[in-house]
Each structure stands twice: as C-alpha cells, then as structure tokens.
Amino acid sequence: IFNQGAERIFGYTVAEIVGQPLARLLPAHLAEAHRAHVRRFATEPESARDMNRRAEIRGRRKDGTEFPAEAGISKVKQNGNIQFTVFLRDISARKQAVQALQEKDRLLTMVGAMARVGGWEFDARTLKGTWTDEVARIHDLDPKEGTNVEIGLNFFQGESRKKIEAAVKDAMEHGEPYDLELEMISAKGNRKWVRTIGQPVT
C-alpha cells in the first residue's frame, strides 16, 4: 500500500511504485540495511519488548534527490502471518530549522567571544540559572560548570555587592530592569570592572 502522503513525498504514483524494488525509495546502502533489519525484526519472538521501531534515515524521490526522513516500522502477527506497517515523514524543514539555529548559535558565540560579551539567565522561583561560555570565562570559571543567583552574586563585594543585590531584588519583585557598572573579583582573584544589564521577562 502506497498512500497519497507517500505519493507527495516521493513523487511516484501508486501505479509507478507498487511492486518495484525498495531501492527506488531509499539510497542503495540504506535499502539493503532496511531489508536486513526487516528480516531480523520478523524473526524476533513475540515477547520482544518493542514491536515498533523508529529511526532517522534518508529517502530518495523520483527525481533522484535525497531528503532526511523519520521512519517507523511496526509488526503485527495474525493467524501465523506477519504484516509490517511502515510510515515515513519528510523532516527536511525541521532539519533546516535546527541547522539555522546551530549556525546562529555559533555566530552569537563567536561574536560574544570577540566582544567579551555573554549572557546568563535564572528562574526567579528556583534561583537556578544558566550562562554562556563567555560569561563563565569572564568569571574565570569552566564553562561546563553550572550557576545560580548565589554563585553569581558572590563575585561582588562591598558597594558593588549591595548594588547588584538591590537590582536583582527589584527585578524579581517589581520587574525593574537594571544597567550597572560594577567591580567584581573572579574565581582566580582577578579584579575586573564589568557592565551588567538585567531585563526581567514575565
């Protein structure tokens, strides 16, 4: 069975594809791997934990172009006969969106490192937070380390500590943004002047 959705994805009509080898729809190496997988799947005992399988593969359209796809196969045994149902979804748009986000993230990371600008955020309810690699480096910390409000405030002392504590409190309680220039002491004991800008988001 080759439904209308499959016709739209692959560009074949039912008459063109039914009875044709699987290699019409998949790159050659994937077609052989799929056949081997189906053979193994068919011989697994009925008590096998998962009767449904999913994977990301590449499909091939009638015009020869390939595209990323999410594929699934399920097995049903009735009256001693095994029947497979296969679905396939074109995920080109999703892959392109992920790639665009990754490229934007790479660019922002590069620009942040060049300008020595980073960002961090925290949840006002839990006070747990995350920060960018550049903010961690400004604090002379490993970017892989986690953070929270208390950790962030502990890099400030004296008058700077009072100012940032009051600013964070007003941000959390009244939604007031802040823009301060403060002196901090990094994890390695280096004194630095930083500009810190906070914008509450509800």
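1. Let's start with a charged pair: E66 and R58 join their side chains in a salt bridge, 3.3 Å from N to O. By salt bridge I mean a side-chain nitrogen of Lys or Arg within 4 Å of a carboxyl oxygen of Asp or Glu. E66 is partly exposed at 40% relative accessibility, and R58 is partly exposed too, with a relative accessible area of 36%. The cut-offs here are under 20% relative accessible area for buried, over 50% for exposed, and partly exposed in between, with a 1.4 Å probe and protein chains only.

2. Some housekeeping before going on. This is a predicted model, where local features need pLDDT of at least 70 and side-chain atom pairs count only at pLDDT 80 or more, while totals for chains, interfaces and linings use all residues. Residues are numbered from 1 along each chain as its sequence is written, and side-chain values use heavy atoms, with hydrogens and water left out.

3. Back to the charges. The structure has 15 salt bridges. One of them pairs R161 with E165 at 2.7 Å, N to O. Both residues belong to helix 7, four residues apart, or about one turn of the helix. Helices (H or I, at least four residues) and strands (E, at least two) are DSSP runs, numbered from the N terminus. R161 is partly exposed, with a relative accessible area of 22%, and E165 is partly exposed at 34%.

4. E183 and R191 make another salt bridge, with their closest N and O atoms 3.7 Å apart. Here E183 is partly exposed, at a relative accessible area of 27%, whereas R191 is exposed at 56%. There is also a network of salt bridges linking E56, R94 and K95. As background, side chains of opposite charge can pair when their charged atoms come close.

5. Now the inside. The largest nonpolar core has 18 residues, and F156, I164, Y178, L180 and M184 touch the most other members. Such a core is a set of buried Ala, Val, Leu, Ile, Met, Phe, Trp, Tyr and Cys residues joined through side-chain atoms within 4.5 Å. Helix 5 (133–138), helix 6 (149–153), helix 7 (158–174) and strand 7 (178–185) each give two or more residues to this core. A separate core of nine residues includes A6, F10, Y12 and F67.

6. F156 deserves a look of its own. Leaving out residues up to four places away in sequence, F156 touches R161, I164, L182, E183, M184 and V194; contact means heavy atoms within 4.5 Å.

7. Three strands form an open sheet in the order 4-5-6, with antiparallel pairing. Strand 4 and strand 6 are at the edges with a single partner strand each, so one side of each has no neighbour in the sheet. Strands count as paired if DSSP finds at least two bridges between them. Strand 4 (residues 120–122) is joined to strand 5 by three bridges, and strand 5 to strand 6 by two.

8. Within that sheet, follow G129: F122 stands opposite G129 in strand 5, and G129 stands opposite T147 in strand 6. K128 has N148 as its bridge partner in strand 6. Strand 5 (residues 128–131) has G129 and W131 on its covered face, with K128 and T130 on the uncovered one.

9. Is T147 buried or exposed? T147 is buried, with a relative accessible area of 8%. T147 sits in strand 6 (residues 147–148) and, neighbours within four places in sequence aside, contacts W120, K128, G129, T130, W131 and G152.

10. Last, the surface. L107, M110, V111 and M114 make up a nonpolar patch with about 400 Å² of accessible area together. M114 lies in helix 4 (residues 92–115) and is exposed, with a relative accessible area of 67%. Patch members have over 30% relative accessible area and no salt bridge, with like charges joined within 9 Å and nonpolar side chains (Val, Leu, Ile, Met, Phe, Trp, Tyr) within 5 Å. The areas come from the Shrake-Rupley method with a 1.4 Å probe, and for residues only the protein chains shown count as cover.
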